[in-house]
Amino acid sequence: MAKRSRAPIACDRCRSMKVKCTGEIPCARCKKFNIACSFAADEPNSTMALPKRLATSKQDTIVPEEKNTSLNEYFYHNSQWRMYGRCQAVLLPELCNTSAKEHFEGQTVPFKAPRIQCYGWNMSGVHYLQREEFPKPPDHDFTDTHEHLVKYFFEEINPLFNVLSHDYQTLFISSFDRFSSPKGHTATQKNIANLHSSLLYLVLAISLRFTEFQKSDGPQLEALRLETECFSYAHQVLQMISFEYFALEALQSWLLVVLYLRITYSQRSLLHALDRANCMARNMELHTVRATRTKEPPVRTKARMVFWSLYSMDQIFSIQIGRPPFWRNDDITLPFLDQTEVSKFDLQPGNAYYAIHKLAILANQVQTVRSSSSEEISIFSVGKSIEELHTWLQESLSGLSPIIKAQVLLHFHDILFCFHSPVLFNYVGKSYYWDGYSVDRILAGMEEVVDIFVKLQVNNLLVRPWYHNLAMLFCAGSFALAIVNGGNQTVRATKIFRSSLDLLRFLGSLRVSQAPEIVRFPMANECVWALSQGINCLKARFEKELNVFSSIDVEKHSDDVNSHRFGNIGEYLQPRETSNGEVSDDKKDIDNGNSAPISSQERVQDMFSNITGASWMNEEIGMFFDDIFSADNLDII
C-alpha cells in the first residue's frame, strides 16, 4: 500500500468525522467501508470550491441531492447530529481550516481551528445546572427469561414498525449482562451505555406486556409490576440523555416509548412522546438529505430507516387520534430505503414495514383531502388509492405471521373508515356531502374486520393486547347502529353488530386468575356499555315512531282495488279470477258495456286517432292496416 510522501494527515472524511486516520491512500477506515478516500491536497485550490466535508464523490453517493439547493445549504454543518445553518457559527472555523490547508501544508500550524458551535450563547457562569445521576436498573434476574423476551419482541412486535434492526436482537442476547448493567469511565461512555440499556429495558417492558396478557389464566401481577419498573427506568434514562444530546439510538428509544404508550396508556401521553421524537428528528434534520451527507453508508441507511419508522408512526397515530400529522410531505427530501438497503434490514415488499409505509402515505392523503380544498388531490383519487392498496395487501402479505398480518389489515381498515365514515352522518340526522364516499364500502370493510377478529379468536390470538382490537370492534358496532338508524341494509348491519358485541363481551369477561376480581380488559366492558346505550336510543326512537303510526286511523279497503290494470294500448282491462283464485290476463273491452274483444285493426286505429286528433286516416291508409292486420299476419304482432 502506497504511503504519502508528505507528513500523514487525516483524509477529508476522517477529518469531518473527527476520528483517527491512518494517513494512507486509501486510509484503513475508508477501505473498511469501501468508500472513496480523498485528501485536501489532492483537490484544486479554489475559493469557489465547496467545503470538503460537504463534497461527496460519485462513487460514494447513495442518496440523491436535494432539489432547489440554495447557497445557504453550503453553510450547514452536521456535528453529532446537530445541524448548524448559521453562517456566524461556521465562518471562523472555515477560515482557520482553509488557511491551514493553503498556507501551512506540511508545516506546523501555529493556530488551532475553533470547533463549530454557537459561541457566546449566553452569559452563564459561576454555577451551572448539575447533571443528574442515572438511575439504577431494575433489580431482577433476567437470566432465564431475557432471551425469550428479546426474541418475542423481534418476531411478534417489531416487524410492524421495524424500530430496531435485527442486529440489536443478537446484540441484546449475546451482551445482555453488559447492557443490563451499564458502565462507563467517561461521560460519553456512560451516555452510550445507558442509552443502549434504555433500549433493552423498553424491549423487555413491551415483551412482558404481550407475553403476560396472552396467557390463558391472565397475567401475573408481579410480572406487570416488573414491566412498569423496566419502562420507568428506561424512560427516565431517555429523558436525561435527550435533555442534552441527539442520537439515533435516543430517537429509537422514543419510538419504543411511543409504541409502549399506544399499547398501555392514554392519548395525551402518546402525543407527548411522539412530539419528543418528532422534534428531535426535526432538529437532527433527518428528513433532509444533507443531514446524512457526511455520514458513513451504514449510518445513512440506519438514519433513513429510523426516520421512516417515525414518519409511519406519526401519520398512522395522528389519524387515530384525529389530529393533523407533524410531517408534511412537501418538507421531506429524504428518499425511502432502496433495494440495496432493504436487504440488510429484511425489508422486502412483502414485509410489514413496507406495507406500513404505504399505509402511512395513504393516511397522509386522507388527512390532506379532509382538511384541504386543494385541487391537486381529490376524494375520488384517494378512494382509488385505497382500493389499489387493498388489492396489493391481499396479494403481498401471505408470508407474514397471522397476528402481524391482522394488524396491518386492521390499520388499513381504520384508514378506510376514516375516509368513508363522514357519509354516515347523513344517517344520524346531519347533512354531509357524500359524493365519492360509499356506505357499501364501509359495510364490506366492517365485515372484513369482524372476520379478522373471528379468526384471531379461533387461533387464541385475540387476547394479545394490540391497540386496534377494542377500537375496531367498537367502530364496527357503532357504524352498524348508525346504518340501522338510517334503514339501509339493516340485515347486514345487524349481523355485524351482533358479532362485534359478542367479541367485546368475550374480552370483557376475561379475568385474572391470580385475582378474580380484576378484569383483564376493562375497556371492553366500557365499549359494551356505550353500544348498549346506542341500542336503547334506537329502541326508544322506534317505539315512539311506532306509537305515532299506530295512532293514525286508516280506512279498510278491499284488495281488489290493487288488481286493476291498463292494457298495452290504452284500454282498461277488467281482471278476472280463474278457478284457482288467480287473476287472469285475458283482456276485455269494457267500452260501452261491450265485453267482446275488439280487432287489432280497430285497436291501432283508435290509438292513432287518440294521439293525432283522428281525421287524417284516409281510405288508402285504412287499406294498409287492413292488409297488416289480416288473419295471416296476426302472428307477427
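Reader: Before anything else, what do buried, exposed and partly exposed stand for here?

Author: These words sort residues by relative accessible area. Over 50% is exposed, and what lies in between is partly exposed. That leaves the remaining class, buried, for values under 20%.

Reader: So is C118 buried, exposed or partly exposed?

Author: This is a predicted model, so the value is computed from predicted atoms. C118 has a relative accessibility of 32%. Since the in-between class runs from the 20% limit to the 50% limit, C118 counts as partly exposed.

Reader: And C96, which class does that one fall into?

Author: C96 belongs to helix α3, where A89, V90 and P93 are among the other residues on the buried list. Its relative accessible area is 14%. Because buried means under 20%, C96 is buried.

Reader: How many disulfides turn up in the whole structure?

Author: A disulfide needs a pair of cysteine sulfur atoms within 2.5 Å. The whole structure was searched for such pairs. The number found is zero.

Reader: Staying with α3, how far does the helix reach from its first C-alpha to its last?

Author: Helix α3 covers residues 87-103, which makes 17 residues. At 1.5 Å a residue, 24 Å would be expected. The model comes close to that, with a reach of 23 Å.

Reader: Let's zoom out. What secondary structure does the protein have, and how much of it is buried?

Author: The protein's secondary structure comes to 21 helices and eight strands. The protein has 637 residues. Of these, the share that counts as buried is 44%.

Reader: Which helices do the buried residues of α16 pack against?

Author: Helix α16 runs over residues 439-458 and has 20 residues. Its buried residues include I442, L443, V449 and F453. The buried residues of α16 pack against α14, α15, α17 and α18.

Reader: Now for charges. Which residue forms a salt bridge with K302?

Author: Side chains of opposite charge can pair when their charged atoms come close. For K302, the closest N and O atoms of the pair are 2.8 Å apart. The pair links distant parts of the chain, with K302 in helix α11 and its partner 53 residues apart in helix α9. That partner is E249.

Reader: Are K302 and E249 buried or exposed?

Author: K302 has a relative accessible area of 18%. For E249 the value is 19%. The limit for buried is under 20%, so K302 is buried and E249 is buried.

Reader: What about D275: which residue does its side chain meet in a salt bridge?

Author: D275 sits in helix α10 and its partner in the loop between α11 and α12, 48 residues apart. The N to O distance is 3.2 Å, and the partner is R323.

Reader: And the salt bridge of R328 and D330, what is its N to O distance?

Author: R328 counts as partly exposed at 47% relative accessibility, while D330 counts as exposed at 66%. Their side chains meet in a salt bridge, one of 16 in the structure. The N to O distance is 3.6 Å.

Technical notes. Residues numbered from 1 in each chain as written. Predicted model: local features only at pLDDT ≥ 70, side-chain atom pairs only at ≥ 80, totals over all residues. Heavy atoms only, no water. Helix = DSSP H or I, 4+ residues; strand = E, 2+ residues; numbered from the N terminus. Expected span 1.5 Å × (residues − 1). Buried < 20%, exposed > 50% of the residue type's maximum accessible area, 1.4 Å probe, protein only. Contact = heavy atoms within 4.5 Å. Salt bridge = Lys/Arg side-chain N within 4 Å of Asp/Glu carboxyl O.
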